[in-house]
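Opening the notebook on a new model today. I'll jot things down in the order I look them up.

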Amino acid sequence: MGMEMLDMFFAPMREELVRLGFRELRTPEEVEEAMAAAGPDTTTLVVVNSMCGCAGGVARPAVAMALQHSVVPDRWLTVFASQDREATAKMREYFVGQPPSSPSIALLKGKELVYMMHRSDIENRTAEAVAADLKAAFDRYCRK
């Protein structure tokens with residue numbers, strides 16, 4: 001499969017988050033620029049998107065539900081694990097002490113990781129259950 005075909009295949013998976021208002025980061029430079037813009041009290045939700053079934057069936061819908069909450073992070077960023085490997089690797093440098101996982105959902109305050117949800121926290125659960133965990137994290141770490 002050529003790159004154009006792959007891009008077409010992954011486009012709907014990318015667009016699902018972009019439509020919600022996520023900024024997609026495709027290069028390490030874009031990740032650096034986005035993270036440099038985070039003030040010490042800025043909260044950033046980062047979704048490490050992937051093509052696996054639990055990303056589409058649970059993670060992305062859960063994120064959409066969680067973002068309907070009255071308290072949400074200031075910024076919403078996403079990287080795509082299997083497609084934009086260098087950008088994903090650069091973003092994972094901010095997830096100090098955490099093993100790579102995709103999909104995964106991280107919450108940062110400034111540049112510090114304050115909450116991490118791994119694939120193992122997502123798969124075999126309902127989108128509603130994952131969304132409830134995210135809302136609780138938003139309540140704890142984000143400005144009201």
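Which strands does H2 lie across, and at what angle does H2 run to S3? I looked this up before anything else, keeping in mind that the model is predicted. H2 lies across S1, S3 and S4, and its direction makes about 165 degrees with that of S3. I then checked H6, which also packs on the sheet. H6 touches S2, S4 and S5, and it runs at about 160 degrees to S5.

**Entry: the sheet**

I wanted the strand order next. The sheet is open and has five strands, ordered S1-S3-S2-S4-S5, with mixed pairing. S1 and S5 (112-117) are the edge strands, each pairing on one side only. I zoomed in on S2 (residues 43-49) and S3, which run parallel and are joined by six bridges. For a landmark there, I noted Asn49, which stands opposite Phe80 in S3.

**Entry: which way H4 faces**

Which residues of H4 are buried? I got Ala87, Thr88 and Met91. They sit on the same side of H4, because they cover an arc of only 100 degrees around its axis. Arg85 and Glu86 are on the other side of H4, and they are exposed. I also asked what covers the buried residues, and the cover includes H2, S2 and S3.

**Entry: salt bridges**

How many salt bridges are there by the rule used here? The count comes to eight. I went through some of them one by one.

- Glu33 and Arg23 meet through their side chains at 3.4 Å, N to O. Glu33 is in helix H2 (residues 28-36) and Arg23 is in strand S1 (residues 23-24), so this bridge ties together parts that are 10 residues apart in sequence. I checked exposure too: Glu33 is exposed at 51% relative accessible area, while Arg23 is partly exposed at 36%.
- Arg26 and Asp84 form a salt bridge at 2.9 Å, N to O. Arg26 lies in the loop between S1 and H2, and Asp84 in the loop between strand S3 (75-80) and H4, so the parts tied together here are 58 residues apart in sequence. Arg26 is partly exposed, with a relative accessible area of 36%. Asp84 counts as buried, because its 7% relative accessibility falls under the 20% cut-off.
- Glu123 and Arg119 are bridged as well, their closest N and O atoms being 3.1 Å apart. Both came out as partly exposed, Glu123 at 29% relative accessibility and Arg119 at 33%.
- I also found a network of salt bridges that links Glu32, Lys90 and Glu93.

**Entry: aromatics**

I searched for aromatic pairs and the structure holds one. The partners are Phe22 and Trp76, with 5.7 Å centre to centre and 45 degrees between the planes. The pair is classed as tilted, because planes under 30 degrees apart would count as stacked and over 60 as edge-to-face. It links distant parts of the chain, 54 residues apart: Phe22 is in the loop between helix H1 (3-20) and S1, and Trp76 is in strand S3. Is Phe22 buried or exposed? At 4% relative accessibility, Phe22 counts as buried.

I kept the backbone for the end. Most residues other than glycine have a negative phi, and most peptide bonds are trans.

Which peptide bond is cis? I noted the one from Ser102 to Pro103, with omega near 0 degrees. Pro103 is in the loop between helix H4 (85-92) and strand S4 (104-109).

My other note is on Asn124, which is not a glycine but has a positive phi of about 65 degrees. Asn124 belongs to the loop between helix H5 (119-122) and helix H6 (127-141). I looked up its exposure as well: Asn124 is exposed, at 79% relative accessibility.

Terms used
Residues are numbered from 1 along each chain as its sequence is written. This is a predicted model: local features need pLDDT of at least 70, side-chain atom pairs count only at pLDDT 80 or more; totals for chains, interfaces and linings use all residues. Side-chain values use heavy atoms; hydrogens and water are left out. Helices (H or I, at least four residues) and strands (E, at least two) are DSSP runs, numbered from the N terminus. Buried means under 20% relative accessible area, exposed over 50%, partly exposed in between (1.4 Å probe, protein chains only). A salt bridge is a side-chain nitrogen of Lys or Arg within 4 Å of a carboxyl oxygen of Asp or Glu. Two strands pair if DSSP finds at least two bridges between them. Contact means heavy atoms within 4.5 Å. Axes are lines fitted to C-alpha atoms, for helices over the stretch in contact, and angles run from 0 to 180 degrees between N-to-C directions. The arc is that of the directions from the helix axis to the C-beta atoms. Rings of Phe, Tyr and Trp (its six-membered ring) pair if their centres lie within 6.5 Å; planes under 30 degrees apart count as stacked, over 60 as edge-to-face and the rest as tilted.
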